[in-house]
Amino acid sequence: MQYITLDTETDFDGWRKAARSLVLHHVPPTDATWTVQGGEAELFAPPAPSPIFEVNDGTFNVSAKFVELAKAAILHRDGERFAILYRLLWRLKDNHDLIEVATDPDVAQVTAMARAVHRDEHKMHAFVRFREIGRERAAHYVAWFEPEHHIVELAAPFFAKRFADMPWSILTPDLCAHWDGHALSFTSGVSKNEAPGEDRLEETWRRYYASIFNPARLKVKAMQTEMPKKYWRNLPEASIIKPLIEDAERMTGAMIANAATDPHKPQKRPEAPMPRKLAADDLEALREEAAHCRACPLYKDATQTVFGEGPKDATIMLVGEQPGDKEDLAGHPFVGPAGQMLDRALQEAGVDRNKVYVTNAVKHFKFVPRGKIRLHQKPATPEIRACRQWYEREVSVIQPELIVAMGATAAQSVFGKITPIGKTRGRLIDLPDGRKALVTVHPSYLLRLPDPEAKVLEYQRFVEDLKIAAGLQKKAPRAA
Amino acid sequence: MDVQRKLEILADAAKYDASCASSGTEKRDSSDGKGMGSTAPGMGICHSYAPDGRCISLLKVLLTNACNYDCLYCVNRASSNVPRARFTIDEVVKLTLDFYRRNYIEGLFLSSGIIRSPDYTMEQVVSVARKLREEHHFRGYIHLKTIPEADDALIAEAGKYADRLSINIEMPEETSLQQYAPEKDVRAIRRTMGRLRLKLDEAEENRSTKTKARPQRFAPAGQSTQMIVGADTASDHTILHTSANLYGSYRLRRVYYSAFSPIPDASRALPLVQPPLLREHRLYQADWLMRFYGFDVAEIVDDSAMLPLDIDPKLAWALRHRDRFPLDVNRASREELLRVPGFGTKAVERIIATRRTTTIRLSDLARLHVPRNKALPFIVLSDHRPAPHRLDEARLIERFKPKATQLGFGF
Ligand code: SF4
């Protein structure tokens, strides 16, 4: 039998050194007994550690995951932990993958220990309550905490980083941690009566605790799972938990029984008029009216109506299909990637972007949510029809000479019927009202083309189409 | 009025807001010795729990509970007879710092009734955050409620100081908001959410492109919202549809569901009943299925329908799709495993890692932290196969219904 005595309850380095020697000397787990100096178990063990631990040659690999687990598990209060960890290490040396086998009893036990330690650490971060001693510049903050495991050294750096600008001490029965504003230090454990008894803010904190609690939603079990009673002793707010619970029913009853108040007279915003075929109007008034449109269901899930933009005296009106994700958020047409492509193409074609009115056939974004993104959906004919009134009224205000329909949805709106792009693309078409129409693709179609060569070609064609518009823009300068 | 009394009034006024989290932000601490506070990027810390089971992690208060609006579901509405109070900016700052120093809280969640104008109110809220950050170098968590339609510059400033911003959508349907809160404009709320998302996206792009100029910081813990459940007649399907839409549209970190509960001095226009807590719980479970398990709203609950109250939504889904089960735990894909009742994401990770090396047996379930009773009818293990027809039993569902239990509380 080999006897190993570790310096402290949390002596991971000592354990690691000894365990490595034991493995290298082929000492099976059943032949090793672990104790801690001054610990209870030591009374039953021979005082002198076995000499083989002086030997420290050779090394072997274990997974980082084991080291991480062992560092935590060694802080567990279970007296068997050193032996259990050694047993697992012994088995891991020939079978590295064992650490991934959650169903292995040793792995499961060590994992459970590590988890208990981390939970206790987390609870210490949460439930330490500092009490102020002295005031102002001389203030020192002292807390009393009773950890379940040997976690003081593990948990202390958190407080040092959080409360760097104030001197504090956390007293526990095992070990006390101190921060002087510069460095952490540890002293041996003390008893509770060395801790300060009260803080001037505790009454305020209790009042907050009582006020933030909603008596109509009593869920005592849920509270206790997260804040087990063993921690209550040292929480200033715990003293009022029982009275709060006892009073909850009465308070809820009182709320229900109390005379209710009559609401104010509803101050409804002026009802948005249902859009009808109205006379041509000023552009701003039109925009405002469209902001409240409910002529089809698309308004429901979208953020806002994305109305057309551009000068009122534009000779050219560009009609896209519908706003996309970015347009929907920003409330402006053609601000996304397709908009950037359009801007570039217009410039290359020689169209003055500032003199063009841009809009969409459908003014709300149609999509289906897929997790964190929205998948664009093609508007259906009833939606295109419902939305056409806005397009028509935009036309009657702007009075453009040329209307460029980009994509099938736009063409459908401009011509009032389903119009394939292929046959009509790239030439001027007379509209019944005397205006000209030009059909081309939508820039987002270009963005979606997978083949880079086709992309370049199609883009060129798009620019060519727009050049027809440029010619018209130059030919027919309108007086502003 | 002394600060303690104000705190009582203004915390009481804030308790109907379900959001409490202090999670998901950037990592910060004060080890440079200037100022105080830290945040953990992962899980936030709950410093206490109220007897309503809810976590207390932030000082959650209103700057004032005076409000111009008369939203029927709200305790602070103009026609309510509750006592009113208003904190000064310095009072909130001091309370936050004092509580923080004693490790009572992770930070501040500040909201406000709307007084004077949206811009004025927002400016007051932002002032508190500005003071905490710039004068006191407070590094703890700050969550600010955004006032819809507040000026863009104020929103940008709020995002500079706050970890999280939120605006409550309040009602699952536009029509109910119009009915209960005629002065609130759901379009304005959505527009503000949209603006927030554009700013969040921009900040994220800046971070990833690593430009030389220090990127403008904007609410690293993102935005969230709250919906009140049970005040109107919206179905669970409607509620979840709205949530899915909000998650997709505005990249919300969380939608909080708040069971409508009686308020002191309620409006005559609303029913006063015990809050539908179980329904709220089921909605959170369903929301979880959407966010972490890739479920679609349509899979979770049929059109215009309600979630079952007696069993959880995943189990309900599995019972509706018995043809997909039993599933061989040793072979099934991750996606399939995630759909087994009782299998959480962590359990699935453990299963996948374990089965690379060894076969999973019946006796292993406990070590994998899987509830046996729930999972067994749906899975095949090397030494377990549910009896044939087991899944067909019409009474299978009975097995899962909770035994009637008493809510116990022993001292
Ligand atoms: S898509 Fe057009 S018709 Fe439909 S709601 Fe929006 S603006 Fe009105």
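Predicted model: local features only at pLDDT ≥ 70, side-chain atom pairs only at ≥ 80, totals over all residues.

Colleague: OK. How many salt bridges does the structure hold?
Modeller: Over all chains there are 72 salt bridges. One of them pairs B:R102 with A:E132, with 3.5 Å between the closest N and O atoms.

Colleague: Why does that pair join two chains?
Modeller: Because B:R102 is in chain B, in the loop between α2 (89-101) and β4 (107-111), while A:E132 belongs to strand β3 (residues 131-133) of chain A.

Colleague: Is B:R102 buried or exposed?
Modeller: Buried, at 0% relative accessibility. A:E132 also counts as buried, at 14%.

Colleague: And where do B:D312 and B:K374 sit?
Modeller: Their side chains form a salt bridge at 2.7 Å, N to O. B:D312 is in the loop between α9 (297-300) and α10 (313-320) of chain B, and B:K374 is in helix α13 (residues 372-375) of chain B, so the contact ties together parts 62 residues apart in sequence. As for accessibility, B:D312 is buried at 13%, whereas B:K374 is partly exposed at 27%.

Colleague: What about B:R217 and B:D163?
Modeller: Those side chains meet in a salt bridge too, at 3.6 Å from N to O. B:R217 comes from the loop between α6 (186-209) and β7 (223-229) of chain B and B:D163 from the loop between α4 (152-161) and β6 (164-166) of chain B, so parts 54 residues apart in sequence are tied together.

Colleague: Which end of that one is buried?
Modeller: B:D163 is, at 0% relative accessibility. B:R217 counts as partly exposed, at 22%, because the cut-off for buried is under 20%.

Colleague: Which residues are linked in a network of salt bridges?
Modeller: One such network links A:E198, A:E203, A:R206 and A:R207 with B:R5 and B:E8.

Colleague: How accessible are A:W34 and A:Y86?
Modeller: A:W34 is buried, with a relative accessible area of 8%, and A:Y86 is buried at 1%.

Colleague: What's the geometry for A:F130 and A:F163?
Modeller: Their centres are 5.5 Å apart with the planes at 80°, so this pair is edge-to-face. A:F130 lies in the loop between α4 (105-127) and β3 of chain A, and A:F163 in the loop between α5 (152-162) and β5 (168-171) of chain A, 33 residues apart. A:F130 is buried at 0% relative accessibility, and A:F163 is buried at 0% as well.

Colleague: Back to A:W34, which cluster do ring pairs link that residue into?
Modeller: The cluster is made up of A:F12, A:W15, A:W34, A:F66, A:F82, A:Y86 and A:W90.

Definitions and conventions
Residues numbered from 1 in each chain as written. Chains lettered and ligands numbered in written order. Heavy atoms only, no water. Salt bridge = Lys/Arg side-chain N within 4 Å of Asp/Glu carboxyl O. Helix = DSSP H or I, 4+ residues; strand = E, 2+ residues; numbered from the N terminus. Buried < 20%, exposed > 50% of the residue type's maximum accessible area, 1.4 Å probe, protein only. Phe/Tyr/Trp six-rings, centres within 6.5 Å; stacked < 30°, edge-to-face > 60°.
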